[in-house]
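These are my notebook entries on a structure I looked through piece by piece. I set down what I looked up and what I found.

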Amino acid sequence: MGWKMWALKKSVWVYHVNVGACNNCDIEILELLTPRYDIERFGMMLVGSPRHADALLVTGICTRQSVRRLQEVYLQTAKPCVVFVIGSCAGDRGIFKAGYGSPAPVDEVIREVDPNAIIAYVPGCPPRPEAMISGVVKALAAI
Amino acid sequence: MDSILETIKVRLASDLLSLSVPSADRAFARVQSASIRRCVAHIWNLGGRLATMTGIEVRDGIEVNYHVCFDGDTLVITLSALAPWPEPSLESVAQDIPGALWIEREIHDILGVSFTGHPDMRRLVLPDDWPEGVYPLRKGFEA
Amino acid sequence: MKRTLIPIGPYHPLQEEAEFFQLFVEGETVVDMDVRISYNHRGIEELSSRKTFDQVPYLVERVCGICSASHPIAYIQAVEDIARVQVPDRALYLRTIVLELERLHSHMLWIGLAGHFIGYNTVWMWVWRYREPVMDILELITGSRVNYANAKIGGVRRDVSPDLYPEIRKAADAVVGPIELVIKAVRDDPVLRARLKGVGVLKKSAARAWCVTGPTARGSGLHIDVRKDDPYAAYDRLKFDEVVWDDGDVYCKFMVRCFECLEAVKIIHQCLDQIEPGPIDAMVREIPPGDGCGHAEAPRGETFHFVRSDGSATPVRHKVRAPSYVNIPSFKASCVGQEIADVALILASVDPCYSCTERVAVAKDVSTGKVLWTHSDLVRLSREKTVRMGGK
Ligand code: SF4
C-alpha cells in the first residue's frame, strides 16, 4: 500500500463518530478546530462524511445500538483508514465496563469487520487536546 | 408551602395513604394505586411541575414515584404508588401531562410496568436488539 | 402534497442517550416529528447501584460531559438530603464558583455552535477562543478541564488557594466584553435578527405541558430556576437576576443564555467577595436509610436526582433525569409548522448537546427509499437561508 500510505499521511481528514460518549471527548475534539489548537495547520480537517475520511475518531463505549452503525461507518471509509480510539471509554469502556450498556470495546467491534484495521489509542478521560494531537502525530509516524 | 400541603391533603383525601415531611422543602406521600392519575392531576393543577418519575423494584411489585416540584414554593413532593406483581401496571398520567410521555416509556422499558392509556408504548431507551421481557433494572438481572 | 420522511441522526450523544429524529415534511414545512433515543444508553442507573455512595459522583459526572459539575451536585444533594448533612460554608461557595464557571463555558460553547448553525463560523471560532480562559481556570481550580471530580458528599474535595482569586476574577471578567459584543450583534444585525426572531416558538402553555426547564423554559416566559426556587450551594446568599424572556422563540433563548453569562460573572465575583477561610468537608461517615431528592440548575436546565438508601454502602436506586430529557420532547411543539431550513437551529436552540454537528444523517424518500439529505445538508440549508436574507 506504499503510495497510498504516503498520501494518507500528507493531510489527514478525520470523521468523528460518537458511539456512546459523555461528550467531553467530543468537546475536546471540536476544541481542536478552534483557534487555540487549530489542527488545520497540520492539514487535518474534520469532514462531514465517512467517505471523505482518512481517519475515524471514535469516542464512547460503543453501546449495543451503535455496534452495527460503527461497523457500517468504518466500512464506508476509504481504505487505508486509521481508527483513533479517543478516551478511556472507547479504549476499554472505562467506568462503564461493568454495565449492560456495551457488549464490546470499540477495537473489537472494528476488528470484527476488518481484522487488519489500523487502530491507535489515545487514553484519558478525556484526553487533553494536546494529547490527541500528539497521539495522531505518533501514530502517523509509526505507520 | 404549608398551605400547599394542606390543600393537597384535602384534595387527595381518602386516596392518601400516608404523608411524611422530613424537611421544610421535601414531602413524600403514598397514594392508592388505582387513583394515581387523579392524584397527579390534582397536584399538577395546583401548579406543580412533574420533574420525573422513578420506578423501583420492591417486594410487592414495582413502586413508581412521581416527583413534582412546586417552583416558587420551594417544595418537592414525591407521590408514590405501587404496581403490584405479577403484571405491574398503572394508569398513565401522560394522558394529562405530555411531559410524562417519555419517562413512562422508559419505565416500561427498564422495569416492565405497563401504563394503561399511554398513547405510544414503543421502546425508547433500550436497543432494538434487546430481548423482550428482560428488564435491566429488576433484581436478579445480570449484565 | 407529497410527504417526505427525513431522518436525522442517530449519532447525537446526550446524557444517557443519543437520538434519532424523524421529520415528516411536506414541501418545505415540517408537519410532524418523532424521536428515538437509545444510541447512548449506557445503563448508568443500573451501574450506579453497584457503586458505593462515594464512587457514584465519578460516574454521574460522566453522564454528560458538559454538565459534569451539576450532575454530581444534584446527586450529592440528594444524598445529603437523606443524611441531613450540614455542609461547611466554604465548600458551598467553592461549589457555586465551579457551577457558575461551568455555566459560562457551556453557554459560550452553545453560542458558538448557534453561530456555526446559521453560517457564522467566525462567531464559533471567536467565542470558543474566548471560552478558553474559563477552561484554564477550571483546570487550575479542579485539576481537569472538563471532568472536575470536585464535589463530594459533605463538601468539596480540594480547597482553592486565595492566590487564585484574582485569576478567577480575571477569567470571569474576560468573557464580559465578548458576550456584550454578541448581544449587540444579535440585537442590531438585521439578518441575525431575522434568522432568530419568531422562529421555533414554544408557547408558554406548551412549555408548561412538556415540563421543560432551564433556558428553554425561561425563554418561554416560565419562571423556573432551581437556583431561586430551591436554593442550594450558596445561591441563597447571592444577588442575581433570573433571566426570563417571554416570546419563546430562538431569539429569546439566545438572549437568555447571553444574559445568564453576565449574571454568572456577577455571581462569581460575589462568591469571591463573601468566601471566608474554614473547613471544606463535613466528613460524612454513614448514609442512613431513606429517600432523597436533589436538583440543581445545570446550564441546560434542571437536573433531578432521586436516591434511595437502605443504610448499606451502595444506593438501592439512583434515578438520573437530565434536563434535555424533558426539553427534547418539546421539539414536537416547536418544530411543527416550521421550515426545514430552520430545524437545525430550533433543535440546537434547546442545546440538546453540541455534538449534533457531527452526526451521521441521511434522509430517505419514504416511497422510493432514495437518499435525499444528510445532516450537513440541513446545516447548509440553514446557512443558505442566512445568505439569502443578507442579500435582500
Ligand atoms: S473517556 Fe471520559 S470524557 Fe471521554 S467519553 Fe468516556 S467518560 Fe467521557
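Predicted model: local features only at pLDDT ≥ 70, side-chain atom pairs only at ≥ 80, totals over all residues.

**Entry 1: the sheet of chain A.** I then looked up the strand order in chain A and found an open sheet of five strands, β2-β1-β3-β4-β5, with parallel pairing. I recorded that β2 (45-46) and β5 (118-122) of chain A stand at the edges, each with a single partner strand, so one side of each has no neighbour in the sheet. I next looked at helix α5 (residues 106-113) of chain A, which lies across β3 (55-59), β4 (82-86) and β5 of chain A. I noted an angle of about 175° between this helix and β5(A).

**Entry 2: the ligand.** Between which chains does the ligand lie? I placed the ligand between chains A and C. I listed the surrounding residues: chain A gives A21(A), C22(A), N24(A), C25(A), G87(A), S88(A), C89(A), G124(A), C125(A) and P126(A), while chain C gives R62(C) and N147(C). I found that α2 (24-31) and α4 (87-92) of chain A are the elements that give two or more residues to this shell. The largest share, three residues, comes from α4(A). Sorted by class, I recorded six nonpolar, five polar and one charged residues.

**Entry 3: a cis bond in the shell.** I returned to P126(A), one of the residues around the ligand, and found that the peptide bond from C125(A) to P126(A) is cis, with omega near -10°. I placed P126(A) in the loop between β5 and α6 (129-142) of chain A.

**Entry 4: backbone geometry elsewhere.** Most residues other than glycine have a negative phi, and most peptide bonds are trans. I therefore noted the exceptions I came upon. In chain B, a cis peptide bond joins W85(B) and P86(B), with omega about -5°. I located P86(B) in the loop between β5 (75-84) and β6 of chain B. T74(B), which is not a glycine, has a positive phi of about 50°. I found T74(B) in the loop between β4 (61-70) and β5 of chain B, partly exposed with a relative accessible area of 29%.

**Entry 5: S92(B).** Is S92(B) buried or exposed? I found S92(B) buried, with a relative accessible area of 0%, in the loop between β6 (89-91) and α3 (101-111) of chain B. The side chain of S92(B) makes a polar contact with the side chain of E104(B) at 2.7 Å and reaches the backbone nitrogen of A94(B) at 3.1 Å. Leaving out residues up to four places away in sequence, I noted that S92(B) touches R37(B), E104(B), F115(B), T116(B), G117(B) and H118(B).

**Entry 6: chain C.** I recorded 16 helices and 10 strands in chain C, and 68% of its 392 residues count as buried. I looked up E46(C) in helix α1 (residues 44-48) of chain C. With a relative accessible area of 8%, E46(C) is buried, because the cut-off for buried is under 20%.

Notes. Residues numbered from 1 in each chain as written. Chains lettered and ligands numbered in written order. Heavy atoms only, no water. Pairing = 2+ DSSP bridges. Helix = DSSP H or I, 4+ residues; strand = E, 2+ residues; numbered from the N terminus. Contact = heavy atoms within 4.5 Å. Axes fitted to C-alpha atoms, helices over the stretch in contact; angles between N-to-C directions. Near = heavy atom within 4 Å. Nonpolar A, V, L, I, M, F, W, Y, C, P; charged D, E, K, R; others polar. Buried < 20%, exposed > 50% of the residue type's maximum accessible area, 1.4 Å probe, protein only. Polar contact = N/O pair within 3.5 Å; in protein donor to acceptor, adjacent residues only side chain to side chain.
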